[in-house]
Amino acid sequence: MSDAKATYENGIYRVGDVRLSDLAGRRMLPVGVSNFRMVVENAVFVDKSLLIADVLRMPGTSYLYCRPRRFGKSLNLDMLQTFFEMPDAGTPGAADSRRLFEGLAIWVAEGGRFREHCGAYPVVHFSFNDVKKPDWNVGYSTVRAAMAQEYLRHGYLLESSSLSDLERERFERIAGGTASEGEFASSLLFLTQMLQKHHGQSVIVLIDEYDAPVMAGYTYGYYDEVVAFLKGWLTGALKDNNALAVAVLTGVQRISKESIFSDLNNLRVDTSMDLASDERYGFLDAEVRALAAYRGEESAVALAREWYDGYRFGSVDVYNPWSVLSFFDNRCMPGAYWGNTSGNGVLGDMVKTADEATLGKLYRLLEPGGTVEEPLDLSVVFPDVGVREEALWSMLYLAGYLTTSDVTDPSDTHLPRRLRIPNKEVARLYRSEVIDRFTEVAGGRDRLMTSHRALVEGDAEGVAAELEDILLRAPSYYDLTTENSYHMLVLGLLFNVRGYGVPVSNREAGRGRFDIRVMPETPEAGPVLIIELKWARTGTPEAVDLPALAETGLTQASDRAYGADLSEEAPPRRWGLAFSGKNVAVATEG
């Protein structure tokens, strides 16, 4: 893109293949706005309109797009509605929708052959965004109310001469919220059939956040009820429905076909591993550079890349679009914008409940360039979460907390894939969750900071006192049964030492591998901390003389020159920590 000449004409800024629409010419950014018309008429829109071509490839097909939250799914669905919907099919202003697309890629794609589909279909647009309730009765009532609203949006059908009296009465019952359970179970199918009868044209169905009630059902204990409802409600409308032109569903998690979509043979699933629409969600590097250039903020691209790039969707690398827009909208100040948009429940639950093995993998992910190798099964069956470990990693991947460049054969659920944290923003979310867990273990933020100061200042008595308090009060005795158990505990306690980076574990240095090393971010923060841990089984001679065992660890750190690669101007502070049961001994030098 650097060699391409930028142009701005009729509200469209172009650099190479990248198009930004800004009909108002104000360079405003649409942070948090998912109404396509509002975005295009008032702000900058990064052109993703070729998604329209993607969904028109195969008539009668249902597409399911699974991407992390805040990656443009709702905006893209609204774009589809704005493009496809007939002027008299429920949405005011649809008559002039063509002008919103005339400068976008879809208007000229393949010689302009997609223009004939603009304003050509009745559309059903339904969102499950508000169906995240702690009780299924409340959730079900919310679904009925939302469906009634969609019926009312098409209320002109009550005056249609194409519908029989019985059909109009049934329509009115659903719109009024008095329909029977059976009538409501087929309400999506019935609405498509009535729209086709009135317009003489097949119907586009758009379903946003289809997985939201399933995730709520898993969390609050009504998983079976919501899956049973969705299976009947969706399958009836999407399977062998002659009134259906195409359906597009979006969500974060890919709920297993066996749970909801078992009867559908026309469903095409597109996750972050798939190639078909890999450029349609998230921002490409060229798009971010074009956006920065258009706003006169080219110098901020490197910072945006560090914080928000790093995702791999199919064959392309992408940025988090929500965070990029928030970053530029906040004068290029980096921050965890995506993490602050809602709870990070999947990640938080993982960190809070992680066992020793999972914590070890989590710590590896947080190290510079850290990866873990795990298979991914993207057909999530929620009851398997917590039972099958791969279900946890798959949920983290689909939710955007992990990514991988190993996207070959997405259907291979046994292939180990190198998973990594995408960028600095997401790494901060992980680190925050780890800090929260071990702050609680330490007895609060003040106690944790006290132990950190003692480590940095070489206060052996202070370190021993804080560790002994933690051992007596926090972990179960049976959770600390090996040296690695204590290793995981100490490592977790070191994630928020003021002025220091992320602790690194089991790396080669000098003539061996140190247990833990924590580097200061500036020389003023303090010395490099090198920690060697020892453990003795209760009742053994080593357990009886823990101070001697701590000295052994300290001597090992010195003799094996674990600080040999460090600057001589900044000598490290070495620590030997010895544990047995609830007892600890500490030795230090430096």
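Predicted model: local features only at pLDDT ≥ 70, side-chain atom pairs only at ≥ 80, totals over all residues.
Trainee: Which residues touch the most other members of the largest nonpolar core?

Mentor: Phe84, Phe101, Leu396 and Tyr430 do, in a core of 107 residues.

Trainee: And which helix gives the largest share of this core?

Mentor: Helix α19, with eight residues.

Trainee: Back to Phe84. What is it in contact with, leaving aside neighbours within four places in sequence?

Mentor: Its contacts are Ile52, Val55, Leu56, His117, Gly119, Ala120, Tyr121, Val123 and Ile204.

Trainee: What does the second, separate core include?

Mentor: That core has 48 residues, among them Val131, Tyr140, Leu188 and Phe229.

Trainee: Now α19 and α20. How are two packed helices described in general?

Mentor: By the angle between their axes and the distance between the axes. Here, α19 (residues 424–442) and α20 (residues 445–457) have axes 7 Å apart and an angle of about 90°. The pair counts as roughly perpendicular because that angle falls in the range of 65 to 115 degrees.

Trainee: Which residues make the contact?

Mentor: From α19, Ile435, Asp436, Phe438, Thr439 and Ala442; from α20, Arg445, Arg447 and Leu448. By class, the contact has four nonpolar, one polar and three charged residues.

Trainee: What about α14 and α15, at what angle do they cross?

Mentor: Roughly 145°, with the axes of α14 (residues 301–308) and α15 (residues 321–329) coming within 10 Å. The crossing of α14 past α15 is right-handed. Leu303, Ala304 and Tyr308 on the α14 side meet Ser323, Val324 and Phe327 on the α15 side.

Trainee: How many charged residues are in the contact of α14 with α15?

Mentor: There are no charged residues in it; five are nonpolar and one is polar.

Trainee: Switching to single residues. Is Ser394 buried or exposed?

Mentor: Ser394 is buried, because its relative accessibility is 0%. The residue sits in helix α18 (residues 389–398).

Trainee: What does Ser394 touch, not counting residues up to four places away?

Mentor: Leu376, Asp377 and Leu378.

Key. Residues numbered from 1 in each chain as written. Heavy atoms only, no water. Helix = DSSP H or I, 4+ residues; strand = E, 2+ residues; numbered from the N terminus. Buried < 20%, exposed > 50% of the residue type's maximum accessible area, 1.4 Å probe, protein only. Contact = heavy atoms within 4.5 Å. Axes fitted to C-alpha atoms, helices over the stretch in contact; angles between N-to-C directions. Left-handed = near helix turned anticlockwise from the far one by under 90°. Nonpolar A, V, L, I, M, F, W, Y, C, P; charged D, E, K, R; others polar. Parallel < 35°, antiparallel > 145°, perpendicular 65-115°, else oblique. Core = buried A, V, L, I, M, F, W, Y, C linked by side-chain atoms within 4.5 Å.
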